[in-house]
Structures are given as C-alpha cells and as structure tokens.
Amino acid sequence: MGSLASAVRQNPWTSAFDATLLGIAMVVSLLLALEYEIVVFWDQLTERQRRIRIEEIFLLSVLLAIGLGVFASRRMKEAQSDREREMRAAYEAEAARALAMQDALTGLPNRRALEAAVERAIVQPPVEGRMHAFYLLDLNGFKRVNDEHGHAVGDAVLQGVAKRFRAAARQEDLVARLGGDEFAVLACDLGDRASALAIGERFVSALGNEIAAGGRTHPVGVSVGVALYPQDGGTAEAVMHQADLAMYKVKAGKRSGVQLSEAA
C-alpha cells in the first residue's frame, strides 16, 4: 500500500486513470449482473433474444477481462518501478557511505574508517598472549616536494606512497590516510612485539627507493610509531596517542625508522 500511495503522489494522473478503469469495471460487472438476472428467465426469451443476450454477456466479459488485465499490468509495472527505485536508493546510500569512509586522493580508507576499525578491534581483543598493532606513519621530505614542485606533484607522490604502503602491508591489514602526509595502519592478531616491529620496518623499506612523479624522482622517507593493544593502553584513544608519541621520537631524530611505544 505504501508503494502504491507513493506512486500516486508522484503522478496524480495514475490515480485518475486507475479510478476510471475501476469505474468501468464496476459498470461492466453491474451490466453482467443484470444480464444474469435476465438469463434467469431464459425459457421466456425468444431465440433471437437469447442470441442477443449471449453476445452481450460475451462482449461485457471481454471488456471486463481487458479492463482488469490493463489494471493488473499497470499495478505490476508500478510495483516493479517501486522496487527499482528502492534498490537504486539503497545502492546510492551504500555508495555514499563508502565514499564517506574513503580518502578521495589515494582511495585508501580515511581517518573515519580507521577510527571505526580501531574501535572494533578494541571490542574484539586478541586472545591472551597476542596483540593488535597500531602504526602511525609520517612522511619525511614531503614538504620539500610540495614547496619545490607544487601540489600536483605532491599529490602524485602521495598516491605512489599509498600504493607502496598497501603493497607492504599484509592482506588483512587496514592501511589508511589520515590527511596531509600522515598515514596509519591497523594490524590485528600479532604474536609478539618483534612481529609488530617487523611489519613497521616493511613500511620504511617500502620507501627505500625514490618515487617518480612530475617527470623526476623524489626521495621520501617515513617515521613510524607503533603502539600495541592491550599492552600500551586499554582504549582506542590511548593506543593511538602512544603511537603518536612513538612516531615523534623517530621524527625528532630526523630520520626514517620505527619506534615501539614504551608505555608498557
């Protein structure tokens, strides 16, 4: 009923046409009823009158069938249109949600998607003895690329960095861009701190070679801070903060490298 009401609101002519069809069907049904009443006195009719009555009943039946068929066909088409509109609306809503969780430049998940993933990881903690690792990655030398070659080249470098980080991560890891030249990675269910450190080293190695953009190559490094859950904090905010502190320790040394949080 809701779909029918929606269709009528969208096109008032639909309501008028359907009302006309139903009116005609009611008139034809009434005439058929009258014909039936007449047929009750069949024995009192002449042969010619009987033939006329049969033809009239047949014609009225055909008209009624055509009218009901048209009405049913229209209802089916409108129901199909309603389903298509609902599916299209659902698809557009899903696409909008996906875009809201995606970084437009690199195609990676954005800060919003990362924070949601970290919250889910906190809600589903690893088994005893294992850990989740959160990595905060800040590029070194990227500001120089922007200042000397412009934002278009800088954007191309960021896209190249994103591809390398995604290739360096495990398939199940979430690699995100937070904005500017900051990236982050969530790696779940690791066995020990050495495994977490080894994954961080892979991101440093990923930028070991210069990145080509704007007709030349650009040396870009990365400082990586790593925090572990639950060892370095019991909340998403605490773990992300510890990773930030660890990253700035690497940054202070003006070098590329990986630093594990010392919170534990």
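Here is a chat about how the terms used for this predicted model apply to its helices, strands and cores.

Me: Before we start, what kind of model is this, and how are residues numbered?
Reply: It's a predicted model, where local features need pLDDT of at least 70 and side-chain atom pairs count only at pLDDT 80 or more, while totals for chains, interfaces and linings use all residues. Residues are numbered from 1 along each chain as its sequence is written, and side-chain values use heavy atoms, with hydrogens and water left out.

Me: How many helices and strands are there, and what makes a stretch count as one?
Reply: The protein chain has eight helices and seven strands. Both are DSSP runs, numbered from the N terminus: helices (H or I) need at least four residues and strands (E) at least two.

Me: Why is Ile211 called buried?
Reply: Buried means under 20% relative accessible area, exposed means over 50%, and partly exposed is in between (1.4 Å probe, protein chains only). Ile211 has a relative accessible area of 4%, so it is buried. You'll find Ile211 in strand E4. Over the protein chain's 264 residues, 37% count as buried.

Me: What does Ile211 touch, and what makes that a contact?
Reply: Contact means heavy atoms within 4.5 Å. Leaving out residues up to four places away in sequence, Ile211 touches Val157, Gly160, Val161, Arg164, Arg216, Thr217 and His218. The C-alpha atoms of Ile211 and Ala156 are separated by 9.1 Å, and these two residues are 55 apart along the chain.

Me: What makes a group of residues a nonpolar core?
Reply: A nonpolar core is a set of buried Ala, Val, Leu, Ile, Met, Phe, Trp, Tyr and Cys residues joined through side-chain atoms within 4.5 Å. The largest one here has 36 residues, and Tyr135, Leu139 and Phe165 touch the most other members. Elements giving two or more residues to this core include strand E1 (131-140), helix H6 (151-168) and helix H7 (193-206). H6 provides the largest share, seven residues. A second, separate core of 17 residues includes Ile122, Leu136, Ala176 and Val239.

Me: Why do such side chains gather like that?
Reply: In soluble globular proteins, nonpolar side chains tend to be buried together.

Me: How do you know that E1 and E3 pair?
Reply: Two strands pair if DSSP finds at least two bridges between them. E1 and E3 have seven bridges, in the antiparallel sense, so they qualify. Leu136 stands opposite Ala184 in E3. E2 and E3 also run antiparallel, joined by five bridges, and Val175 stands opposite Val185 in E3. In the hairpin of E2 and E3, with two residues between the strands, Gly180 takes a positive phi near 55°.

Me: What is the angle between H4 and H8, and how is it defined?
Reply: Axes are lines fitted to C-alpha atoms, for helices over the stretch in contact, and angles run from 0 to 180 degrees between N-to-C directions. Helix H4 (residues 111-123) and helix H8 (residues 236-252) pack at about 115°, with axes 9 Å apart. Glu115, Val118, Glu119 and Ile122 in H4 meet Ala236, Glu237 and Met240 in H8.

Me: How do those contact residues divide by class?
Reply: Ala, Val, Leu, Ile, Met, Phe, Trp, Tyr, Cys and Pro count as nonpolar, Asp, Glu, Lys and Arg as charged, and the others, Gly among them, as polar. For H4 with H8, that gives four nonpolar, no polar and three charged residues.

Me: Where is there a cis peptide bond?
Reply: One joins Tyr229 and Pro230, with omega about 10°. Pro230 is found in the loop between E6 and H8.
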